[in-house]
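Q: I would like to learn how to read aromatic contacts. Please take me through them.

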Amino acid sequence: MTLSELGVSSWAFRALATAWGCIWGSFVNVVVYRVPREMSVVRPASHCPGCGAAVKALDNIPIVSFLVLRGRARCCKARISPRYVVVEVLGGLLALAVYEVVVRRLDENAPITLAASVFLSDFGLAIALVAAAFIDAEHMYLPDAITIGGTLFGLATPGLRGMGWVDALVGAAVGFAGVWLPLVVGYKALRGRPGMGLGDAKLIMLAGAWFGWRGAAFTLFAGAMQASVAAIVLLLVHGKIEEPVSVRQDREELQAAAAAGDEEAKRAIADDPLATAPAEGVMAARMPFGPFLCLAAIEWLLVGPAIEQQYF
């Protein structure tokens, strides 16, 4: 059966896609909170971060519950971070965008199985990138489960994007090497420590596996441009760029462990560019790069085919 034979209105598909995205956005909130803390994303069930009480099903409806409860937990009235509803809204908008821009671009006689596979895979990538962006924004850390896992899934499904296996492999290799060689290996040879974490290289590798070398190049350069704009805005508004609080706390704990004789902590300090405080001055300031790479990858997911058709 094809999409046209199914007889369901496009508005029904839009509503289903948006609801699906909001539900997964709610799950991403769990991922963003628990993964950096090395907690299971499955157990325990959702609970209040203020008092630990279990969250009832009616208080766990994406977007609606936040609005009804006015951003406060029902159990102890603790404030709920606006991030939760922002991520849920992003999930719904991304699912709707994938349907509008990617699925509706398919031939009307495309089998439903193909349309569903394309939607689920592309939305899965987009929502995983949202999780990676928020984790990196808070912890300057990109989980391997997203970067490497997403790369492997991209290498396994090139046909869904009209690519060949070779294109996906070359894209992943070019994406990783394009960051790893100059900014990790080369920078360490010149300055004694890496200039960028491997997580960013793995994220560009993911983009290459999904979109080929052009998508990897776009992700890197568009991400860098958008990060530069954000840095300028921060400097104009706040006069400085500060690391996330959690990064400073982790560094203090690591340095304390190294001072106490922990050899693993000493090795981490030697290899991790975040293990020492940044030098004074604007040029030495640090800010998370992952969110801008994730944004650029999502941009290519939605408009990349149009760019390739126009220019390549």
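Q: Is Trp20 buried, exposed or partly exposed?
A: Buried means under 20% relative accessible area, exposed over 50%, and partly exposed in between (1.4 Å probe, protein chains only). Trp20 is partly exposed, at 36%. Trp24 is partly exposed too, at 34%. This is a predicted model: local features need pLDDT of at least 70, side-chain atom pairs count only at pLDDT 80 or more, and totals for chains, interfaces and linings use all residues. Side-chain values use heavy atoms, without hydrogens and water, and residues are numbered from 1 along each chain as its sequence is written.

Q: How many aromatic pairs are there?
A: Rings of Phe, Tyr and Trp (its six-membered ring) pair if their centres lie within 6.5 Å; planes under 30 degrees apart count as stacked, over 60 as edge-to-face, the rest as tilted. The count is eight. Trp20 and Trp24 have ring centres 5.9 Å apart and planes at 55°, so they are tilted. They sit four residues apart in helix H2 (residues 10-34), about one helical turn.

Q: Why do Phe119 and Phe123 count as stacked?
A: Their planes are at 5°, with ring centres 6.0 Å apart, so the pair is stacked. Both belong to helix H5 (residues 112-139), four residues apart. Phe119 is buried at 13%, and Phe123 is buried at 2%.

Q: Which residues do ring pairs link into a cluster?
A: Trp20, Trp24 and Phe27.

Q: Where does Arg37 lie?
A: A charge sits over a ring if NZ of Lys or CZ of Arg is within 6 Å of the ring centre and within 35 degrees of the ring normal. Arg37 lies over the face of Tyr33, 4.1 Å from the ring centre. Arg83 has its charged end over the ring of Tyr84, at 4.7 Å.

Technical notes: Helix = DSSP H or I, 4+ residues; strand = E, 2+ residues; numbered from the N terminus.
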